[in-house]
Amino acid sequence: MPAPSPYPFRAWWAQRSPAAGAAVMATGIVSVALHLAGYETLSLIALVPACAAWLGLAAEFVLRLARERERWLAEAQTPGALTAVAATTVLGTRVASLGENALAWALLAVATVCWPTLLVLVVRRWRPRMPGAVFLCCVATQGLAVLGATLARSESADWLAHVALTLFWLGLVLYGLALFRFDPRQVTVGPGDQWVAGGAVAISSLAGSKLLAADGGALYLWNDDGSAVLRLTTGVLLVLDLAWYAVLTAAEILRPRLSYDTRRWATVFPLGMTAAAALSASTAVGVPWLEGLGRVLMWVAVAAWLAVAAGAVASARTAVTSDPVEREIRSTARR
């Protein structure tokens, strides 16, 4: 057995699984929802840890690729690897809303480079009865559509809007394929990532809203028929998302799973994404009462974020202060 690491925090950080990117996704979308609801100060406060976590995980991603190629490849074939793409696009969307388009373009470029490789590696390893993380193929693709549509509107780039539209429809196809691989039992026994089944629909609805918002002004992207189809699809997706929200909430009440798990960040993300989708769709599909619903769901997401963050801090404290030999055994077992 190798000698235990003398640096507890570094040893703990090295144990992070690819699914840890869900923490950035969750924090980033809570920041986006707060921004859409007009709570700019709180939104910026949430953006800080999202950026810090993204930088840390990005550095770890690159270091593993350079130094631990076998481990990187093994982790890249798990559904959680796609959180790297999704987290980057969510962060880029929030950055774009601040007017930092150059940085948002850079994040879009990073996500675009990673997306096809990780998507192929993950989909090739699909099997029957997958956990909720299987829907991350849709989330990552729709994340590119959301960021692309956001930048298309601010930069008046019609080509980017049409690319985003293609990704939007591709994301829906991937959702359908993932649905056939999803194990329905996860709704009642899943540790948290079962919520991605609804979160994937939510980000699809948000993508549709962003594509509708990109039209007009300096851009005339969709004709009347195209806009009608896109508006109807966006509305239907939001209804399906709310249905998933109700089902998953009921399952949590009937079968409580209160212990902390890293995959609980994948619960916070759909909660925040549903709020953001409702707030954005309120204007895009012309249903004003969705704004009120979105505000209520936003505070639910904030409360969930605080609860999961408290669990994460407690878990990290325990891991960092545990006996070095136990910590090394735990790290080796996870690898």
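Tutor: Gladly! A cavity is a set of grid points where a 1.4 Å probe fits but cannot get out, and a lining residue has an atom within 4 Å of one of those points. Please keep in mind that this is a predicted model. In it, Trp 195, Gly 198, Gly 199, Asp 241, Trp 244, Tyr 245, Leu 248, Pro 270, Leu 271 and Thr 274 line the second largest cavity.

Student: How much space lies in the second largest cavity, and which helix gives the most to its lining?

Tutor: The space comes to about 40 Å³. Helix α11 gives the most, with four residues. At least two lining residues come from each of α10, α11 (224-254) and α12 (265-284). Sorted by class, the lining has six nonpolar, three polar and one charged residues.

Student: How many cavities of 30 Å³ or more does the structure hold, and what lines the largest?

Tutor: Here is the general idea: rolling a probe the size of a water molecule over the atoms shows where empty space is left. This structure holds two cavities of 30 Å³ or more. The largest has about 50 Å³ of space, and its lining is made of Ile 29, Val 32, Thr 89, Val 90, Thr 93, Gly 143, Val 146, Ile 203, Leu 206 and Met 273. Two or more of these residues come from each of α2 (21-36), α5 (83-97), α7 (136-155) and α10 (196-214). The largest share, three residues, belongs to α5. By class, this lining divides into seven nonpolar, three polar and no charged residues.

Student: Is α5 enclosed or open to the outside?

Tutor: Helix α5 is largely enclosed by the rest of the structure, because 13 of its 15 residues are buried. From its first C-alpha to its last, α5 reaches 21 Å, close to the 21 Å expected at 1.5 Å a residue. After α5 comes Gly 99, with a positive phi near 85 degrees.

Student: Which residues touch the most other members of the largest nonpolar core?

Tutor: That core has 106 residues, and Phe 135, Val 139, Trp 265 and Phe 269 touch the most other members. Leaving out residues up to four places away in sequence, Val 139 touches Met 25, Ala 86, Val 196, Ala 200, Ile 203 and Phe 269.

Student: Is Gln 186 buried or exposed?

Tutor: Gln 186 is buried, because its relative accessible area is 15%, under the 20% cut-off. This residue lies in helix α9 (residues 186-189). Not counting residues up to four places away in sequence, Gln 186 touches Met 130, Pro 131, Pro 191, Asp 193, Gln 194 and Arg 257.

Student: And which backbone angles deserve a second look?

Tutor: Most residues other than glycine have a negative phi. Arg 129 is not a glycine, yet has a positive phi of about 60 degrees. Arg 129 sits in the loop between α6 (101-123) and α7, and is exposed, with a relative accessible area of 54%. Ser 156, also not a glycine, has a positive phi of about 55 degrees. The loop between α7 and α8 (158-181) holds Ser 156, which counts as partly exposed at 39% relative accessibility.

Methods:
Residues numbered from 1 in each chain as written. Predicted model: local features only at pLDDT ≥ 70, side-chain atom pairs only at ≥ 80, totals over all residues. Heavy atoms only, no water. 1 Å grid on protein atoms, 1.4 Å probe; cavity = no way out; pocket = protein on both sides within 12 Å on 5 of 7 lines; lining within 4 Å. Points joined across faces, edges and corners; volume = space filled by probe spheres on them. Nonpolar A, V, L, I, M, F, W, Y, C, P; charged D, E, K, R; others polar. Core = buried A, V, L, I, M, F, W, Y, C linked by side-chain atoms within 4.5 Å. Buried < 20%, exposed > 50% of the residue type's maximum accessible area, 1.4 Å probe, protein only. Contact = heavy atoms within 4.5 Å. Expected span 1.5 Å × (residues − 1).
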